[in-house]
Amino acid sequence: MKNDLLVVENLVKYFPIRGGILQRVQNWVRAVDNVSFTIKKGETLGLVGESGCGKSTTGRTILRLTPQTSGKVWFDNKDLFSLGSSEMKKIRRDLQIIFQDPYSSLDPRMIVGESISEGLRAHGIGTPQERRQIVAETLVRVGLRAEHARRYPHEFSGGQRQRIGIARALTMKPKLIIADEPVSALDVSIQSTVLNLLDELQEEMGLTYVFIAHDLSVVEHISDRIGVMYLGKIVELAPRDDLFNDPQHPYTQALLSSIPIPNPHKRRKRIILEGDVPSASNPPPGCRFHTRCPVAVDRCRIDMPDFEEKIAGHFTACHLVEKI
Amino acid sequence: MTKNKHKDKKGPLLDVKKLKTYFYTEEGVVHAVDGVDFHIMPGETLAIVGESGCGKSVTSLSVMQLIGQPGEIIEGEIFFNGENLLAKSEYEMCKVRGNQIAMIFQQPSGCLNPVFDIGYQVAEVLEVHQALGEETGRKRAVEWLSKVGIPDAEKKSSAFPHEISGGQAQRVMIAMMLSNLPDLLIADEPTTALDVTIQAQILELMDKMQDQFGTSILVITHDMGIVAEMADRVAVMYAGQIVEQASVFELFDNSKHPYTTALLASIPILGERKEKLSTIPGSVPNLVDLPPACRFAPRCQVRLEKQMTRCTEEMPPLFNVTDNHIARCWVYEDKK
């Protein structure tokens, strides 16, 4: 607990589905359902999963950008969900987010310098002069030029905009950055430069990342530990090498084998999952994955498996994985 | 059926020569496709790979002649089964599209008409091209839906596009496109909008369909993984031109063009750890007002290392590096 910068315990986020004349709540979308993990200072935790698995909602709920349904989050040994708004505002300086779409996450009518310094202004940090200085330094740090502060977002390419998004998160000197699909919208040749930048910044500033992505090869590159999500739950969480060399959960195994490898000599037999991901508003009973699981047994259809440490440091939620 | 008769012939199924498609915009003329040559043999899969804006999609749309204003095919020839498609009238092209050449797109759900059920939409293709009656068309459509792995096809055929998932929508598109047994299937980023486990399903389906019907496939993608998985031959595009073309093994083992090499080195590969990813400095050039020089030159490390001056002065042609391996780079000039 001492070394853990972020502790997430049984986090739950349900979204109501309203309908009828009275707009009553008719059902719930179980976007995040009982998710727990911890992150040490300076570590990168990757969260992977397919669309709709709840990985982005997890990130947003931790930051209180959307209210939680239940569960607890400790950041720096403070219970985030019990903080009042002024305390929360103070702590927001330490918690920053980088968004997926560098096109829609910047205000098109604001010059880039203003966008970047908005956080500083909101927190009343520095004089206008000093703020301009910070913006200029940060822009240089992310590989842009100081004079770019006077330009508008449309004058930049996708990769440059993502650098601006990173600069905006950095000006607050945060401890934790939640990066929500930061490179998914970028071309491969640009993607690698942004990944390298995130890597360098982490080393320099001792940053801690939650890196949310659907691309396993990107997550593998950047993460120390990786959590695999399926339909609102983490099904497997392990150090990177353990996860890739010895995946325990059938979903992780299928996910890893689904990825086309850029090497024509390695065309391989895949585990092809049947069907689609079930709806989060009507998840199957028992293990959420049993409808597509190639090895499911009767028990999986009734009993929800616990998320347990089956091997030291390697958590899995599956009845069929032996505890060692 | 008069289809697939080309299989006795030795020539290529599709032969694109010196294709140029420009867009006349207010900012100037965009050279989206600027002199592209490639061919596809019967039963073969060719992948065109490149980053966004390199002209790979415009190339495929040009083959189908689906280029709208302000774009125009200004030069070139597209031979399909020996006939020049560019010489055909719009009426004649309608008989080719969806019949001999079929195309699937990136956003499958956007390609389906929201007000008709999926069975009707698959049947429509059969009714138009094979002159089937409504009843037979519908029956055949249901058969095809089950062939592409739509569960409970009979019932599902009356589902509307909003009631099916993205993966299923792509299956419906594939059913629609393959039901006329086309000679060539153009797949423009067929799985980009899909999740990896669904992508694996669709790639396997395309593979199975190719085995079964001998369809040639032109796949357009930015994903080197899909290229390695599907293609027999690969053409790499950069800024409107093909910069390298080779067999898939040759390309991945022995890439010659500095862009291809740099691109392959910059992708993180599952199971291969690197401390740092190599990067390509700079960004893709604006396709308006291109100088008559190598388009990759401003970002090319090889040019800097070898201190080559010609790259910024003259456009390199495609050089034969080895048999069936061509690269657009002055480094290989002596091999011409």
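## Salt bridges within chain A

A salt bridge is counted here when a side-chain nitrogen of Lys or Arg lies within 4 Å of a carboxyl oxygen of Asp or Glu. In this predicted model, the side chains of Arg225(A) and Glu43(A) form such a pair, with N and O 2.9 Å apart. The two partners come from distant parts of the chain, 182 residues apart, since Arg225(A) belongs to strand S9 (residues 225-230) of chain A, while Glu43(A) sits in the loop between strand S2 (24-40) and strand S3 (44-48) of chain A. Both Arg225(A) and Glu43(A) are buried, and their pair belongs to a structure that holds 25 salt bridges over all chains.

Another salt bridge joins Arg301(A) to Asp298(A), where the closest N and O atoms are 3.1 Å apart. These two residues lie 3 residues apart in helix H10 (residues 298-302) of chain A, so they are separated by about one helical turn. An α-helix has 3.6 residues a turn, so residues three or four places apart point the same way. Arg301(A) counts as partly exposed because its relative accessibility is 37%, whereas Asp298(A), at 59%, counts as exposed.

The side chains of Arg299(A) and Asp303(A) also meet in a salt bridge, at 3.5 Å from N to O. Arg299(A) is partly exposed, with a relative accessible area of 46%, and Asp303(A) is likewise partly exposed, with a relative accessible area of 35%. Elsewhere, salt bridges that share partners join Arg141(A), Glu200(A), Glu204(A) and Lys276(B) into one network.

## The interface between chain B and chain A

The contact between the two chains takes 43 residues from chain B and 43 residues from chain A. The area buried between chain B and chain A is about 3,700 Å², and carbon and sulfur atoms give 54% of that area. On the side of chain B, Glu229(B), Leu270(B) and Arg273(B) supply 21% of the area that this chain buries against chain A, which is more than any other three residues supply.

Two kinds of polar pairing are counted across the interface. The rule finds 2 salt bridges between chain B and chain A, and Arg270(A) forms a salt bridge with Glu229(B), the closest N and O atoms being 3.2 Å apart. The count of residue pairs in polar contact between the chains, with both residues at pLDDT 80 or more, is 17. The elements that give two or more residues to the side of chain B that touches chain A are helix H8 (196-213), helix H9 (224-230), helix H10 (248-253) and helix H11 (258-266) of chain B, and H8(B) gives the most, with 8 residues. By class, this side of chain B has 20 nonpolar, 12 polar and 11 charged residues.

Asp199(A) is placed in helix H6 (residues 188-205) of chain A. This residue is buried yet has no salt bridge, and the nearest side chain of opposite charge, that of Lys276(B), is 5.6 Å away. When residues up to four places away in sequence are not counted, Asp199(A) touches His221(A), Ile222(A) and Glu275(B).

Thr316(A) is found in strand S12 (residues 314-316) of chain A, and counts as buried because its relative accessibility is 0%. Leaving aside neighbours within four places in sequence, the contacts of Thr316(A) include Val235(A), Glu236(A), Gln248(A), His249(A) and Phe307(A).

## Helix H1 and backbone features of chain B

Helix H1 (residues 56-64) of chain B is mostly covered, with 7 of its 9 residues buried; among them are Lys56(B), Val58(B), Ser62(B) and Met64(B). Gln65(B) follows H1(B) and is found in the loop between H1 and S4 of chain B. Although Gln65(B) is not a glycine, it has a positive phi of about 55°. The peptide bond from Gln69(B) to Pro70(B) is cis, with omega near 0°, and Pro70(B) is placed in the loop between H1 and strand S4 (71-80) of chain B.

Ala239(B), a residue other than glycine, also has a positive phi, near 50°. Its place is in the loop between strand S9 (233-238) and strand S10 (241-247) of chain B, and Ala239(B) is buried, with a relative accessible area of 0%. Most residues other than glycine have a negative phi, and most peptide bonds are trans.

Notes
Residues are numbered from 1 along each chain as its sequence is written. Chains are lettered from A and ligands numbered from 1 in the order in which they are written. This is a predicted model: local features need pLDDT of at least 70, side-chain atom pairs count only at pLDDT 80 or more; totals for chains, interfaces and linings use all residues. Side-chain values use heavy atoms; hydrogens and water are left out. Contact means heavy atoms within 4.5 Å. Buried area is the accessible area (1.4 Å probe) that two parts lose on being put together, summed over both. A polar contact is a pair of N or O atoms within 3.5 Å; within protein, one must be able to donate a hydrogen and the other to accept it, and residues adjacent in sequence count only if both atoms are side-chain atoms. Helices (H or I, at least four residues) and strands (E, at least two) are DSSP runs, numbered from the N terminus. Ala, Val, Leu, Ile, Met, Phe, Trp, Tyr, Cys and Pro count as nonpolar, Asp, Glu, Lys and Arg as charged, and the others, Gly among them, as polar. Buried means under 20% relative accessible area, exposed over 50%, partly exposed in between (1.4 Å probe, protein chains only). Lys and Arg count as positive and Asp and Glu as negative; His and the chain ends are not counted.
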